[in-house]
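Let's go through this model together, a few questions at a time. Have the viewer open and follow along.

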Amino acid sequence: MGKAWRTPAYNAEVAARARGGSVKNDDLSERRRAAVREAMRHSWQGYKKYAYGEDELEPITRTGSNAFGHLGATAIDAIDTLWLMGLEKEYLEARELVADFPKRMVEASPLSTFECTIRVLGGFMSTYYLTGDELYLNNARELGDRLLFAYSRKGLGMPSGSVSLNEGYESYWHVNEDFESHLLAEFGTTQLEFYALSKETGDMKYAKASAKPLEAVHGMYPNSFLLPTSFNNLGEIIPPMRYTMGAMADSYYEYLLKAWVQAGSHRDEMVHDTGRRWEGAMDATIKELVHRRGGVTSLVEMEGMNLYAKDFLHPRPSGSLQMDHLIKRMRMDHLSCFVPGMLALGAQKAKHLLHVEKSLQYMEVAEELMETCYSMYRTPTGLAGENYSVLFDRIQVADKRNFLRPETVESLMILYRATGNNKYREWGWEIFQAFEKHCKVEAGYCGVTDVTHPSAELDNKMQSWFLAETLKYLYLLFSPSDVLSLDEWVFNTEAHPMMIW
């Protein structure tokens with residue numbers, strides 16, 4: 001780890017430009033943006049009326065639920081979106097709740113370390129960057145101190161899957177830590193938030209804790225840029241080996257790129273070379289996981305058992321893992337639809353890292369995968385399912401549930417900004433209209449249980465990410481490019497924007 005990051009990234013001029021104003025919007029896009037803004041207002045009003053202070057709203061029963069420690073997760077997740085959209089009254093209502101966070105934190109029940117980091121710490125850091133309000137940075141510092149309780153002092157310093165934020169409860173999980181499995185997407189998806197906290201406070205303990213397990217695993221497998229999903233506390237692979245851009249791995253690859261982007265002109269201060277790892281991972285993904293057949297480009301998975309257990313437990317001398325014994329699983333998660341946007345972002349932002357030919361290749365794959373992700377919405381409801389079977393010349397919905405997920409509209413926003421192709425806005429508008437038609441109720445929005453039936457039952461859950469991510473990315477899709485410019489901001493995996501250094 002290098003020297004302390006003594007110069008904060010916060011820049012009042014960048015914050016003042018966050019809502020845009022220098023680029024004129026066309027009339028149609030402005031009307032659509034206003035419609036998304038009203039959807040955000042409707043979502044917040046339902047939460048405020050029926051579940052204010054609870055973690056999430058159950059719109060059908062008009063009750064609240066608390067799966068995130070009773071911290072008021074929806075308010076924290078949504079507050080930067082409210083500010084961005086200029087919903088001042090609603091923003092102040094959220095801020096009033098957030099001001100009570102220190103008391104809520106010490107009374108919270110144990111919750112997911114990963115979710116608390118990306119939703120709560122990410123939400124505080126983002127809103128601090130947007131507003132300059134020290135309330136959010138103070139909350140972030142107090143939360144960061146307690147999130148450090150989750151990081152082991154043994155082995156590679158892996159974080160526990162759960163953490164208690166109560167003072168004096170630091171060791172509640174360490175009794176069985178040697179037997180806990182650690183997901184790649186969890187220990188590999190804390191860096192943007194912890195690096196930002198170290199950058200703004202000058203205290204490197206956050207960045208060091210977050211970087212330690214990642215550096216160690218990269219050191220054990222220096223030539224394996226695709227990594228399996230599960231590891232033990234010593235960095236040893238837990239079988240079966242599974243390689244995917246979907247659940248349990250997805251945001252690790254996202255953060256390899258975004259930590260590199262976040263560092264901006266200060267990459268000499270980076271904890272490790274995530275840019276090189278990301279490029280290697282994308283090359284391996286195109287070779288091993290991108291599947292082209294029958295005019296359809298999809299992302300499949302690879303899985304299997306190694307013939308020799310020792311190959312799981314110890315890296316080969318070359319630091320690489322063999323993949324020739326694995327078989328392809330012909331399935332694609334909607335979660336993996338962040339990949340088109342990630343590839344396009346990398347092709348645009350990593351020009352100093354990639355050769356021109358490789359940037360063009362990444363953009364080509366991004367646009368092909370974007371077509372496939374859009375095709376997931378060709379259902380009777382116009383909504384996508386959770387995952388799909390990959391057939392010869394098409395994909396077919398397997399898990400028919402829809403949870404109001406953001407990955408496709410995230411990629412549409414980035415692809416539109418990268419290419420200027422208006423079809424991405426049209427696709428996003430179709431998706432938004434499907435949410436309006438099938439998911440909107442008096443108290444908010446719900447997912448559906450079966451996207452293949454227009455009269456499908458609603459699931460009585462308004463996920464906090466719908467306000468934090470889905471509506472934010474739709475709003476940005478119809479906004480001019482100077483609104484949260486990708487030259488000045490990078491989004492964490494919960495769509496909370498962080499300033500580029």
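Before the first question, one cut-off is handy: a residue counts as buried under 20% relative accessible area, as exposed over 50%, and as partly exposed in between. Keep in mind too that this is a predicted model.

Q: Does E93 count as buried or exposed?
A: The cut-off for buried is under 20% relative accessible area. E93 has 14% relative accessibility, so E93 counts as buried.

Q: Which side chain meets K89 in a salt bridge?
A: K89 itself is exposed, with a relative accessible area of 56%. In general, an α-helix has 3.6 residues a turn, so residues three or four places apart point the same way. The salt bridge spans 2.8 Å, N to O, and the partner is E93.

Q: How many residues apart in sequence are the parts that D80 and K472 tie together?
A: D80 forms a salt bridge with K472, with the closest N and O atoms 3.0 Å apart, and both residues are buried. D80 lies in helix 3 (residues 73-84) and K472 in helix 18 (residues 464-477), so the pair ties together parts whose separation in sequence is 392 residues.

Q: Does R401 count as buried or partly exposed?
A: R401 forms a salt bridge with D399, the closest N and O atoms being 2.7 Å apart. D399 counts as buried at 18% relative accessibility. R401 has 39% relative accessibility, so R401 counts as partly exposed.

Q: How many salt bridges does a search of the whole structure find?
A: Among the residues involved, E56, E115, R119, K461 and E494 are linked in a network of salt bridges. For the whole structure, the search finds 33.

Q: How far apart are the end C-alpha atoms of helix 11?
A: Helix 11 covers residues 250-263, which is 14 residues. At 1.5 Å a residue, helix 11 should span 20 Å. The distance between its end C-alpha atoms agrees with that, at 21 Å.

Q: At which residue does helix 11 bend?
A: Past its end, helix 11 is followed by G264, whose phi is positive, near 50 degrees. Within helix 11, the bend is about 25 degrees, and the residue is L256.

Terms used: Residues are numbered from 1 along each chain as its sequence is written. This is a predicted model: local features need pLDDT of at least 70, side-chain atom pairs count only at pLDDT 80 or more; totals for chains, interfaces and linings use all residues. Side-chain values use heavy atoms; hydrogens and water are left out. Helices (H or I, at least four residues) and strands (E, at least two) are DSSP runs, numbered from the N terminus. The expected span of a helix is 1.5 Å times one less than its number of residues. The bend at a residue is the angle between axes fitted to the seven residues ending there and the seven starting there. A salt bridge is a side-chain nitrogen of Lys or Arg within 4 Å of a carboxyl oxygen of Asp or Glu. Buried means under 20% relative accessible area, exposed over 50%, partly exposed in between (1.4 Å probe, protein chains only).
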